Each structure stands twice: as C-alpha cells, then as structure tokens.
Amino acid sequence: MNTRSKSTLFLMEQLIVIGTFALCAAACVRIFASSYFMAVEARDLSYGIRVAESGAECYKAVSGDLVIAADILGGKIVDLDEHLQAVIFYDKDWELCDENDETASYALKLIGERESHDGMDFIQGSLVVSKLSGDDIISFPISTRYGHTRGMAYE
C-alpha cells in the first residue's frame, strides 16, 4: 500500500509539472505572436511615414497640382464629385504597383481643394496612407500656396 501511494504522488507531481510547462509554453507562443504583429505594425508605420513624406514634398513642389503629383509619384487621378484625388498604390513590400495588381496592399491618397485667404489662393488638402483593407496608417492635413513653385506660376 505504501508503494501505491508513492506512485500516485509521483504521477500527480508529474501532471503538475507538465501543466506548468504547458502554461509557460502557451504564454511564450502568445508573446512571440504579439511581437510579430507589433513588428509588422511598426514596419507599416515606418514605410507609411516615408511614403507620406514623399507625397507631401511632391504635393508642395508642384503647388498642389494633383495631376502632376500623381504623374511624378506613379499614381492616378480619381475624379470625385467635389474634388480630385491622387491615388498611388503599393504592394506588400511597399513597391509601386498598379491598382489592379493582386499584390496591391497599401494606398497613398492626396486630396486637395483650392481656397482663398487674404487675397491669396491656397490648396488645402489631406494626405492619407492606408491599407486597402481600410485601416489608416497615417493621415494629416497639407497645404501649399497655389501657383507658386520656385518663382514660377502654374495655372
């Protein structure tokens, strides 16, 4: 009887040890999975900021002319009811791609509207970098003085 009670205690101890290791393994898997998703999110934010910076600089350089900006950035113009929108598509590796390409994963959208303030014309707009699934990565307002780039006038 003494031998049977020792083997029962030994089996219970083994079950407790196996259960503890299983809980630790589950916690480690969860931590690794969350770190992967955090790395993907950080990568998207990093590339999104780079793309947004390029888009904003181009927008400013062409004085808010979305047609020229879309052409320089490799995108296309979408004609919405009240304003134009330049859209540039990127694949999962943040390389330029076509809208119809199956690998298209991200989009840079430049939206602008002409406004007048104190006798000067400005292009007020917004810049949005988003996943095609709908989640915005970064967005901010942008503006530039209309028709003045390096001392030259555009009309």
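A residue is called buried under 20% relative accessible area, exposed over 50%, and partly exposed in between (1.4 Å probe, protein chains only). By this scale L84 counts as partly exposed, because its relative accessibility is 31%. The model is predicted, so local features need pLDDT of at least 70 and side-chain atom pairs count only at pLDDT 80 or more, while totals for chains, interfaces and linings use all residues. Residues are numbered from 1 along each chain as its sequence is written, and side-chain values use heavy atoms, with hydrogens and water left out.

A nonpolar core here is a set of buried Ala, Val, Leu, Ile, Met, Phe, Trp, Tyr and Cys residues joined through side-chain atoms within 4.5 Å. The largest such core has 22 residues, and Y90, W94, L108, L110, L127 and V129 touch the most other members. Helices (H or I, at least four residues) and strands (E, at least two) are DSSP runs, numbered from the N terminus; among the elements giving two or more residues to this core are α1 (2-61) and β5 (120-131). The largest share, five residues, comes from α1. Apart from this core lies another, of five residues, including V87, F89, C97 and A104.

The cysteines come next. A search of the whole structure finds zero disulfides (pairs of cysteine sulfur atoms within 2.5 Å). C24 is in no disulfide, and the nearest cysteine sulfur, that of C28, is 6.7 Å away. With a relative accessible area of 42%, C24 is partly exposed, whereas C97, at 13%, is buried.
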